[in-house]
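Let's take a walk through this protein together. Have the sequence and the 3D view open as you read.

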Amino acid sequence: MAMAPPRASSLPVFSRRGPFHIRRATPLGSVLLRRHLSTGVDEGGGLGSSSKRRARGPVMAAKKAAEGGKQEEGKYKHTVDLPKTTFGLRANSVVREPEIQKLWEENQVLKRVVEKNTGGSFVLHDGPPYANGNLHMGHALNKILKDIINRYKLLQNYKVSFIPGWDCHGLPIELKVLQSIDKDARKELTPLKLREKAAKFAKETVNIQMKSFKRYGVWADWDNPYLTLAPEYEAAQIEVFGQMAMRGYIYRGRKPVHWSPSSRTALAEAELEYPEGHVSKSIYAIFKIVSPPPASNGLLEEFFPDICLAIWTTTPWTIPANAAVAVNSGLEYVVAELHASVEDTLATSGGKQIKRGNALKVGENKLFVIVASELVSRLESKWGVKLSIRKTFPGSALENCRYTHPVNGNECPVVLGGDYITTESGTGLVHTAPGHGQEDYVTGLKYGLPIISPVDDEGKFTEEARKFSGLDVLGAGNSAVVDHLDKHLSLLVEEPYKHKYPYDWRTKKPTIFRATEQWFASVDGFRQAAMDAIGKVNWIPPQAENRIIAMTCSRSDWCISRQRTWGVPIPVFYHVHTKEPLMTEETIEHIRNIVADKGTDAWWYLPTEELLPQKYHDVASDYQKGTDTMDVWFDSGSSWAAVLTKNEGLSFPADIYLEGTDQHRGWFQSSLLTSIATTGKAPYSSVITHGFVLDEKGLKMSKSLGNVVDPDIVINGGKNTKDEPGYGADVLRLWVSSVDYSGDVLIGPQVLRQMSDMYRKLRGTLRFLLSNLHDWKPEYALLYKDLPKIDKYALFQLENVVNSIKDSYENYQFYKIFQMIQRFAVVDLSNFYFDVAKDRLYVGGTVSFTRRSCQTVLAAHLLSIVRVIAPILPHMAEDVWQNLPFEYVMEDGLVPKFVFELKWPSLKGDWLAMEADDVDFWNTILELRSEVNKVLENARIGKLIGSSLEAKVILHAADGATLTKLREMCSATNDADALHRIFITSQVETVNSLSDEFLSTVPYTGKYTSQRTSEVWVGVTHADGAKCERCWNYSPQVGSFVDHPTLCARCYGVVDVQPLPAAAGVC
Ligand SMILES: [Zn+2]
């Protein structure tokens, strides 16, 4: 390699956008340069300048000439083909990317490309982010992944349609509105005023978020997004609701639901969170048995009247609603006599916070308790008592035994519950309150138990709870119940209990289970169809299928009503007197039409008469409209109906849904349920899920930890640009491509620096390609069959990489693409092909075969690399395209003005057809080259040589065939294949034998061994002849040309009008 990285100051032509450097990647193949790299001066923020020592030759001569130095040295300046390009080394992304985005927008590039594409449609259906607050890194990961897929599909000739969406209704926005106004104003706030403010807030947020998404470089139909507050969307949602209702899947019922006293509304599973560290007050209590099981033949008779059922609960406030005690018919139970004499045991049982109840302090009275036999010893230590077993029997024997309710004194039954009754905790007997628990509710249905729920919307006991009335069930009410039990000798032990407990995800306060009148979607009605559909969807990663199966097969009916204002109304009327709901195909259709025209506000401002169809007008005064709104998951879960089936160019089902893994119980599921219930089909063919974004240490991002990475700051930079430089969107996108998103992903300052470094290196690779094609025209391209072997090998490598990258795009494994680009475009190319090519490109002769051949290969690389990186790094790819130094005409005769007008590179079968033996041989040469570089490095350290061009390499192989091949390569027909060019030395020779005498003349040696070939001996001596002024190669022929006494034969041929025969190369 003769050419040096020219200094910026020497070549103003390069500095339009920053100094130019030919950058050298990790110097794998150029061990020679290592010392310079490690200590070297980085002259321009590139990969490190290559070698100062190499940075001379013709370029220095040119520089000196330009500065008016010794004319002699600049004599051949004009014969050297230095790289030139307008493509900046520095991306300056903060400025340049918005320019590129403007270019796309002004030219409607997305539309152009979609219109020109002739393939089928491709629909990735956007899951709507919530229109509340700023975007975080999770949003960025999500939308950029979608954009990478969409852009790849554009290159694959698909008509891509991507409609971005926003979820606009719901409590968080309603709360924001309420918080923004004072108390007096709140009293004045009518539902319509609230809705007006909420809509304004949502629309403003949509605009802010949209701006950020656009800045990420995400391509979408930004002028026509779908908003769940749009009248046509709301109408489609009501249509879905109506279809479900007409199929009998919507019902009103009194059922326990998750209820948030702090929000005063029912909540769906997806609106709950389970924070760490929740502690409940748990109690062991006893309920006195009054009559034994009817068919038990005196099973418990001997223990009367001192026999009790022992239960355990973490929600003592539900005891007033107790309706039964459930046992598992399959478990074994015992009657145990309780000896409460061991006063001190509790202190030693580790439970400092355990409080013993009065029931344990009864003195000499006998007490028998029924518990599961497996739990006896655990309960002994927990209660600090001795339990002597008196009788054993199966749970089934206890059915219909009766006990006295500890609060109201009623007689209640023992019932057989299901498998949910275990011996993992508690006593094996379950306090059953059907108004406050899902399993209790199911057991209650089986036995016809009353559904008692004496708790109001605020979480306070109602009159029905008598003495507890008005008390907060999560506070004073809970304690009052425990006190009551203790006073009546029903409390054995009270202790704090740490467990997972559902909280309202918005207010961060605990919820309760409470039976209320709600609207439900009956999942049982279409569960099997949903399960069948799940099996037909392509889940990526595959384990996601198990998650959605688990969540769908076990889920209870979907409570879809909310007692809030900012949402889509449940289109129902109630009879004023009978309270019977009125909801027919006709009424729903009528409301749908009104909503399509006026939006759902009409539900609040139109009189009931107008909301009802004509035929009800006479009886309209008998009805009032409902006040419930729909669960927002019903809103977003209807998007397939509102978007996919209502827009031209879209199709149902969508090709892909892509969201975070939490959506298995959220949007993936709600969309599945509404779609199955109304169409019998899943709304998606494939579902891709990604994990959460964590900080570099794997911790959740939080303001208090100070580890939040804000995508806008990553792109534009923070206040202190030294700590928080603006990396631009492409660096953020490169990060998205680099992570295995199927699990949680990490980001932080260090990761971003690595990404930025990789980005710069890739930019350097592209700049090398562009700058060495400055005088290129596609018609100069040589035929493949005429190319030197090294060039065929380079194309073979390129085509393999392009194909592998395509496979990884097809499988959505972008991190593999990142790795391939890093290895190939950043490391391998720089270390070998580019390194070797510089000689040909700079001093090979402008129109020479060897330079044109190399440019043929470089052009192929540029045209492929720019396309394969474009989905991930669209700005950089477009920047390259806009700086393309030649006109590229596609097969159809069109000249693509923008990079996405190019299609994916077509398959080059001949490039791949390289024979296995040849591939093997090149792999051997590359390995041998590494060994040669090691010896050269030693020679350089020993000061035998400076630059590698001062060296001659001598090779010997014991195996004749290998030796012959090496010898052939020393005098290759194509100069580019000659070994000394590949090793970047002035000469390479082979010797037939290694005599001691000969060995003594070779100061530096090494050995290359591999399984492919016999051992190859490597020697390095100083090169023969003198240094050529133009290319710095050494040659005995320097001095032999009278008119150009300082040139080698090759250079003489280049500068002289009459080129010398090709064989004149030195070897
Ligand atoms: Zn020369």
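Into which domains is the protein chain divided? There are two entries: domain 1 (277-342 + 351-501) and domain 2 (916-1024), with bounds taken from an automatic or database domain assignment. Their C-alpha centres lie 88 Å apart.

A word on the ground rules: this is a predicted model, where local features need pLDDT of at least 70, side-chain atom pairs count only at pLDDT 80 or more, and totals for chains, interfaces and linings use all residues. Residues are numbered from 1 along each chain as its sequence is written, and side-chain values use heavy atoms, leaving out hydrogens and water.

**The zinc site**

The zinc ion is held by Cys1028, Cys1031, Cys1048 and Cys1051, each through SG, at 2.2 to 2.4 Å. Donors here are N, O and S atoms within 2.8 Å of the metal (3.2 Å for Na, K and Ca); water is not among the atoms, so sites may look incomplete. Angles of 105 to 114° among the four donor atoms make the site tetrahedral, a label that asks for all angles between 85 and 135 degrees. Along the sequence, the donor residues follow the spacing C-x2-C-x16-C-x2-C. Cys1028 and Cys1048, 20 residues apart, link distant parts of the chain. Helices (H or I, at least four residues) and strands (E, at least two) are DSSP runs, numbered from the N terminus.

| Residue | Location | Relative accessible area |
|---|---|---|
| Cys1028 | loop between β36 (1026-1027) and β37 (1034-1035) | 0% |
| Cys1048 | loop between β37 and α35 (1049-1055) | 4% |
| Thr315 | loop between β9 (307-313) and β10 (324-327) | 19% |

**Around Thr315**

Leaving aside neighbours within four places in sequence, Thr315 is in contact (heavy atoms within 4.5 Å) with Lys281 and Asn478. The C-alpha atoms of Thr315 and His436 are separated by 9.7 Å, although these residues sit 121 residues apart along the chain.

**The nonpolar cores**

A nonpolar core is a set of buried Ala, Val, Leu, Ile, Met, Phe, Trp, Tyr and Cys residues joined through side-chain atoms within 4.5 Å. The largest one has 174 residues, and Trp735, Leu766, Tyr833 and Leu955 have the most contacts inside it. Helix α28 (residues 849-869) gives the largest share of this core, eleven residues. Beyond its neighbours within four places in sequence, Leu766 touches partners including Phe87, Leu862 and Ile865. A second, separate core has 74 residues, among them Ile289, Ala326, Phe368 and Val371.

Methods
Four donors count as tetrahedral if all angles lie between 85 and 135 degrees; four count as square planar and six as octahedral if opposite donors are over 155 degrees apart and all others between 65 and 115; anything else is irregular. Buried means under 20% relative accessible area, exposed over 50%, partly exposed in between (1.4 Å probe, protein chains only).
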